[in-house]
Amino acid sequence: MKKLLNKLALAFSILLISITSSLAQNSPAKPDVEALVKAYIAAWQETDYLKREKLLTQIWAPNGIYLDSQSEVKGRQKLVEYMGLVMQMNPSNRRVELSNIESHHGTFRFAWRSVMPDGTVLNEGMDFGEVDNNGRIRRLVIFIGPLLPKAESK
């Protein structure tokens, strides 16, 4: 009886390992959100249309949505074009500084600052995003400007 129980326990263990391994192989990989954000920021600094398009193809969902206080851009191709228009209106020698990038449950957030070579901050903000099942950004909501303290009521 003891040998039979040992064989059943071994068979059950092998079955559990097999099921766990199969589930792990079929579940979507956890996206590298830090890499997504860094590539997204690189796209904002890429002046060449085709290179910017290639970057966004890797990280942005085809029907992804970009929202800021002035614009709603739907679709990857439209975002490639929008980025180009915004870059034409801004200095090209700026750099972008990022905060720590936090993520959980397919969502993420980060703060950023656009800084000139002399240290002057052009603008800053915070972005909140969602990642789709393919590991691409499907929605990004941008708040431009610092978060101001709440005014006290009198």
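Start with Gln77, which sits in helix H4. Helices here are DSSP runs of H or I with at least four residues, strands are runs of E with at least two, and both are numbered from the N terminus.

A word on where this comes from. This is a predicted model: local features need pLDDT of at least 70, side-chain atom pairs count only at pLDDT 80 or more, and totals for chains, interfaces and linings use all residues. Residues are numbered from 1 along each chain as its sequence is written, and side-chain values use heavy atoms, with hydrogens and water left out.

Back to Gln77. Is it buried or exposed? Gln77 counts as partly exposed, because its relative accessibility is 34%. The cut-offs: buried is under 20% relative accessible area, exposed is over 50%, and partly exposed is in between, with a 1.4 Å probe and protein chains only. Leaving out residues up to four places away in sequence, Gln77 touches Tyr49 and Glu53. Touching, or contact, means heavy atoms within 4.5 Å. The C-alpha of Gln77 is 8.6 Å from that of Leu56, and those two residues are 21 apart along the chain.

Now the rest of H4. This helix covers residues 76–88, 13 residues in all. From first C-alpha to last, H4 reaches 19 Å, close to the 18 Å expected at 1.5 Å a residue. That expected span is 1.5 Å times one less than the number of residues.

Which residues of H4 are buried? They are Arg76, Leu79, Val80, Tyr82, Met83, Gly84, Val86 and Met87. What do they pack against?

Gly84 counts as buried because its relative accessible area is 13%.

**The partner helix**

Next, H2. It has 13 residues and reaches 19 Å from first C-alpha to last, again close to the expected 18 Å. Its buried residues are Val33, Leu36, Val37, Ala39, Tyr40, Ile41, Ala43 and Trp44.

Take Leu36, which lies in H2. Leu36 counts as buried, because its relative accessibility is 6%. Apart from residues up to four places away in sequence, it touches Pro31, Ile59, Val131, Gly135 and Ile137. For Leu36 and Ile59, 23 residues apart along the chain, the C-alpha separation is 5.9 Å.

**Core and pocket**

In soluble globular proteins, nonpolar side chains tend to be buried together. How many residues are in the largest nonpolar core here? There are 27, and Tyr40 and Tyr66 have the most contacts inside it. A nonpolar core means buried Ala, Val, Leu, Ile, Met, Phe, Trp, Tyr and Cys residues joined through side-chain atoms within 4.5 Å. At least two residues of this core come from each of H2, H3, S1, H4, strand S5 (107–115) and strand S7 (137–144). H2 gives the most, with 8 residues.

What does Tyr66 touch? Setting aside residues up to four places away in sequence, its contacts are Tyr40, Trp44, Trp60, Ser71, Glu72, Val73, Leu79, Tyr82, Leu140 and Ile142.

Now the space. The largest pocket holds about 410 Å³. Its lining has 21 residues, and Trp44, Tyr66, Val86, Trp112 and Asn123 lie nearest its centre. H2, H4, S5, strand S6 (121–131) and S7 each give two or more residues to that lining. H2 gives the most here too, with 4 residues. For the record, a pocket is an open set of points on a 1 Å grid over the protein atoms alone where a 1.4 Å probe fits, with protein on both sides within 12 Å along at least five of seven lines; lining residues have an atom within 4 Å of a point. Points are joined across faces, edges and corners, and the volume is the space filled by probe spheres set on them.

**One loop, then the whole chain**

His105 is in the loop between strand S4 (102–104) and S5. Its phi is positive, about 50 degrees, although it is not a glycine. His105 counts as exposed because its relative accessible area is 79%.

Finally, zoom out. The protein chain has 4 helices and 7 strands. In sequence order the pattern is α-α-α-β-β-α-β-β-β-β-β. Of the 154 residues, 30% count as buried.
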